[in-house]
Amino acid sequence: MGFVGDTHKIDKGGCFIGGMKSLVRRKQVDSANSKSSSRAGSSNQLAKALTIPHLISIGVGSTIGAGVYILVGTVAREHSGPALTISFLIAGIAAALSAFCYAELASRCPSAGSAYHYSYICVGEGVAWLIGWGLVLEYTIGGSAVARGISPNLAMLFGGPDSLPAFLARHTIPGLNLTVDPCAAILVFVVTGLLCVGIKESTMVQGFVTSVNVCVMAFVIVAGGYLGFKSGWPGYELPVGYFPYGVDGMLAGASTVFFAFIGFDSVASTAEEVKNPQHDLPVGIGFALSICCSLYMLVSAVIVGLVPYFAMDPDTPISSAFARHGINWAAYLVTIGACTSLCSTLMGSIMPQPRILMAMARDGLLPSFFSDVNKRTQVPVKGTVATGLLAGTLAFFMNVEQLSGMVSVGTLLAFTMVAISVLILRYVPPHEVPLPSSFQEAIDSVSMRRSGCSSSSSDIDVESTKIPVTAGDSTPLLAEISVGHPLVEKAAAKLSYLVRQRRKVAGWTIMFTCIGVCIVTSAASIVSLSNPARYALSGFGGLLLLSGLIVLTCTDQDDARHNFGHTGGFTCPFVPLLPIACILINVYLLINLGGATWARVSIWLVIGACIYVLYGRTHSSLKSAVYVPATHVDEIYQTSANSLA
């Protein structure tokens, strides 16, 4: 009796069932065995060059954008008031929930692709494609929008809005109502060329630019703190108190500034290029997020204390705060900080996309053109150039500010799916993994060997019976039980059934918990609903959510999680509470992005679905894969190696 799965057998009922099965097929975690077999003689290996300092510079540089120089004034005036610091703290804690999930998956599955890679392993090909396609949108639009914001800040350094040289200044094409930005396109192409040189070299440059930005923010904190103590902190001496808009306003401010933290996921996209991913990736993500949150809180605490929140300039809050205290020249330092932060964020926006494209091309979902890695620089040069050309063209011709909300969709979808993947990894890790059809001979050999062992005869009075249990169950001692008494055999079979049912219960619970999250957040966000309908939906969704949390808390996590991927790395704490809270926050923010944003994103996702149906589904590397129990993979690889030897 063989153990080959039937995941890819096309049902006689038609291609529809086969197509649906392709959406849920999952790939194997990259391991030493899989890499050596699938990439033997291949040149698509990325350079192992990054350490903790590199990862911190990538994370901080990608996260701290010029938004902090503007966001402080807008959120303080409209939402938080002097409580802006607490808004940043709450947003940082919410971002940390996703960071914990990223840290575990990045250390267990250290390959290029970030959330796309994790979704492909834990959820399935269809969801992974949508996540990867959404990340492509995020990095393309994000990079273009950032590049568009650099030229106005550069112009301020040269003396005014129209002080840039003619070949760099923005021009409006008559009759087309189109404003082109040569400076933005040139900067994108420069960054693209730098990224093609090598990951270590480009990271060093990003680290230098980020250091300049951090120094500017340190100046704001130190000089602003001195002015605050000297003037008595007028922004805090207000009759309205610390919460002029109440706790609700402070929480609304936290929802707004949360998007200032969506950049640390760029660290996870470089996982394959990290020297010691099990240790360095979690440390790099943690330190980067901690530094960003600390800087945000300190800057906001200083600025809202220097100027009353209602008197802050929403466009230039920091420089105007210093100007009110007679330090006009600080505006130049603030502008330098804005320029350097934008340049660093631009690098952080362009760098991950070629790696996402490379991961998708490796899996056959995109043409192999994107999977080529330059032998000398060991970076995906072709994918980087293609990304740079697209982002540079958009930055030159289009004002993509109205599309900037689409960036948040890709990020929040990725955050949500990473949290779901952690739940799947802990409770229902994949018990079957795909192997290339070239291993069929080794698979048959191991199958015959195990079948022979299980059916071998014994003494006349004792019958040896093997009770197989699906790989990944929480009682590995039941993997193979030889019994000689009917009662013992019956008890073992019943226990095996209960173990399998535990996996089913956990899987269905995760699904219903996610449904409960969607119902609760929708009821809380859709203002057009009547109060009775809102209360009814909130109650029903809350019941699903709370029941799911209780069931998962009382359910033993699967022991197979200890052998899933690379062991010895970071382990996400407070499971299932932390991932469920992460899902709740991210889904709530997704729903509140607005109908116009979702309409634009839907068009992009429909285009992606068409590409998947027409190309990705039929070219997937899993199309002809053979699925085997995870516990037998090492034996199959060993058998294959012995036969080749």
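1. Helix H15. In this predicted model, the buried residues of H15 are Pro-352, Gln-353, Pro-354, Arg-355, Ile-356, Leu-357, Met-358, Ala-359, Met-360, Ala-361 and Arg-362. That is eleven of the eleven residues of the helix, so H15 is largely enclosed by the rest of the structure. Which helices cover it? The cover includes helix H6 (115-122), H7, helix H9 (199-231), helix H11 (265-269), H14 and helix H16 (381-397). After H15 comes Gly-364, with a positive phi near 85 degrees.

2. Thr-340 in H14. Helix H14 spans residues 330-350 and contains Thr-340. Is Thr-340 buried or exposed? Its relative accessible area is 13%, under the 20% cut-off, so Thr-340 counts as buried. Leaving out residues up to four places away in sequence, Thr-340 touches Val-209, Val-212 and Asn-213.

3. Leu-157 belongs to helix H7, residues 125-157. With a relative accessible area of 32%, Leu-157 is partly exposed.

4. Nonpolar cores. Nonpolar side chains tend to be buried together in soluble globular proteins. Here the largest nonpolar core holds 147 residues. Tyr-69, Tyr-102, Phe-258 and Ile-303 have the most contacts inside it. Helix H17 (residues 405-427) gives the most to this core, with 15 residues. A second, separate core has eleven residues, including Leu-435, Phe-439, Ile-443 and Tyr-637.

5. Phe-258 up close. What does Phe-258 contact, leaving aside neighbours within four places in sequence? Its partners are Ala-91, Ala-94, Ala-95, Leu-412, Phe-415, Asn-586 and Leu-589.

6. Helix H20. The 24 residues of H20 (residues 531-554) should span 34 Å at 1.5 Å a residue. The end C-alpha atoms are 34 Å apart, which agrees. Within H20, the buried residues are Arg-534, Gly-541, Leu-545, Gly-548 and Leu-552. An α-helix has 3.6 residues a turn, so residues three or four places apart point the same way.

7. The loop between H20 and H21. Two backbone features deserve a look here. Most residues other than glycine have a negative phi, and most peptide bonds are trans. Phe-574, in the loop between H20 and H21, has a positive phi near 55 degrees. Phe-574 is exposed, at a relative accessible area of 63%. The peptide bond from Val-575 to Pro-576 is cis, with omega near 15 degrees. Pro-576 lies in the loop between H20 and helix H21 (577-591).

8. Ser-114. Where is Ser-114 found? Ser-114 sits in the loop between helix H5 (84-108) and H6. Its phi is positive, near 55 degrees, in a residue other than glycine. Ser-114 counts as buried, because its relative accessibility is 1%.

9. The chain overall. The protein chain has 23 helices and four strands. Of its 645 residues, 52% are buried. Among contacts between residues at least 6 apart in sequence, 84% join residues at least 24 apart. The accessible surface comes to about 27700 Å², and carbon and sulfur atoms account for 66% of it.

Terms used. Residues numbered from 1 in each chain as written. Predicted model: local features only at pLDDT ≥ 70, side-chain atom pairs only at ≥ 80, totals over all residues. Heavy atoms only, no water. Helix = DSSP H or I, 4+ residues; strand = E, 2+ residues; numbered from the N terminus. Buried < 20%, exposed > 50% of the residue type's maximum accessible area, 1.4 Å probe, protein only. Contact = heavy atoms within 4.5 Å. Core = buried A, V, L, I, M, F, W, Y, C linked by side-chain atoms within 4.5 Å. Areas by Shrake-Rupley, 256 points an atom, 1.4 Å probe, with all protein chains shown as cover. Expected span 1.5 Å × (residues − 1).
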